Amino acid sequence: GPMRVAVVGATGAVGREILKVLEARRFPLSELRLYASPRSAGVKLPFMGEEIPVEALPEGPLPVDLVLASAGGSLSKAYAPRWVEGGALVIDNSSAFRYEPEVPLVVPEVNREAIFRHKGLIANPNCTTAILAMALWPLHKAFHAQRVVVATYQAASGAGARAMEELLTETHRFLHGEAPRAEAFAHPLPFNVIPHIDAFQENGYTREEMKVVWETHKIFGDSSIRISATAVRVPTLRAHAEAVSVEFAHPVTPEAAREVLRGAPGVEVVDEPRNKRYPMPLTASGKWDVEVGRIRKSLAFENGLDFFVVGDQLLKGAALNAVQIAEEWLKGP
Ligand code: A2P
């Protein structure tokens, strides 16, 4: 039956989007509670024509059946075990639990069955990984991916609501002849691209880049695919773009790949370069489906394809995927 639902981090970029997705998809809930930091207590957020007050997150368990958490890794690490203890299913958008073997990491279009192995906690993947998986998984099933090289063009939204605000205000400053400042990013983002997201690792890759490797392996249940990523922040607001090169075990043509992707749920093939139609952040923003296009035969790999995929970071990259996990959980195995 209908469930009591809590959104933790409700005032954040992802949290606000979760409210919209719950509303748009008519998620069966009997009660909705919104939590954020004490700074936001008393703020009201719109939901189904009502104004719901935001509460300061309490220390203990939450009086709900389902928690959708999007308030950062350290908060989830500390609080999620208490919510689980209190009897709630927790779907966590942070990276706090993604690599724990007993925690399912789920993109429903790929590994829906993993949902039902949960022990109270399900992890929502990194946004770049989720968007890549939507295009890569159907192609992998059809042609068996062996090597993947991906370069990303990641929007400000991946760094949260303040980061989106920073892109707007600092662009404004730049246009008025003032030097843009950087707080949410390592460098000013306006009119720049920054090849640095999350912390650098021993191997020279960033943690964001390694998330694509680790999480794709876990979601696909296949660690044999060799993946290299370059993750780059660009001055777009809320959709991530990715240039992807894949070498497959089996012969593949762009037309066969388009055919496979046309039948893939959650994917929209946008691939008419002559009509100037291809995936872009401007067209993918606000969409549930990810756009895939520029599909062409690789000049570098045998049995290879190059393509471009763009998805709304706040939707398939975060809020939508989390709500879809909850929907599938309700439907049962
Ligand atoms: P608040 O708006 O009150 O700071 P984003 O990723 O867009 O920056 O959003 C982060 C979300 O996490 C916000 O809703 C933020 O609430 C919430 N948050 C941050 N720190 C805490 C905390 N200590 N307790 C509860 N919620 C928090």
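Helices (H or I, at least four residues) and strands (E, at least two) are DSSP runs, numbered from the N terminus. Axes are lines fitted to C-alpha atoms, for helices over the stretch in contact, and angles run from 0 to 180 degrees between N-to-C directions. Contact between two residues means that their C-beta atoms, placed from the backbone, lie within 7 Å.

A word on the model itself: it is predicted, local features need pLDDT of at least 70, side-chain atom pairs count only at pLDDT 80 or more, and totals for chains, interfaces and linings use all residues. Residues are numbered from 1 along each chain as its sequence is written.

Strands count as paired if DSSP finds at least two bridges between them. β11 and β12 (residues 290-297) run parallel and are joined by three bridges; here Val 269 stands opposite Val 292 in β12.

Now back to the two helices. How do α4 and α9 cross? Their axes come within 8 Å and cross at roughly 85°. The two helices are therefore roughly perpendicular to each other, a term that covers angles of 65 to 115 degrees. In this contact, Cys 127, Ala 130, Ile 131 and Met 134 of α4 meet Lys 316, Gly 317, Ala 318 and Asn 321 of α9.

α9 also leads us to another sheet, where it lies across β5, β6 (89-92) and β7 and runs at about 150° to β6. This open sheet has seven strands in the order β3-β4-β2-β1-β5-β6-β7, again with mixed pairing. Its edge strands, β3 (44-47) and β7 (121-123), each pair on one side only. Strand β1 (residues 3-8) pairs with strand β2 (residues 29-36) in the parallel sense over six bridges, and the bridge partner of Val 8 in β2 is Tyr 35. α1 packs on this sheet as well, touching β1, β2, β3 and β5 (66-69), with its direction at about 25° to that of β3.

Stepping back, the domain assignment of the chain gives domain 1 (3-125 + 318-331) and domain 2 (129-313); such bounds come from an automatic or database assignment. Their C-alpha centres lie 25 Å apart, and 14 residues of domain 1 are in contact with 20 residues of domain 2. On the domain 1 side, the elements giving two or more residues are α3 (108-111) and α9.

In total, 17 residues surround the ligand, and the closest are Gly 12, Ser 37, Ser 40, Ala 71 and Gly 160; a residue is near the ligand if its C-beta atom, placed from the backbone, lies within 6 Å of it. α1 (13-24) and α5 (161-175) each supply at least two residues of this shell.

Methods. Angles under 35 degrees count as roughly parallel, over 145 as roughly antiparallel, 65 to 115 as roughly perpendicular and the rest as oblique.
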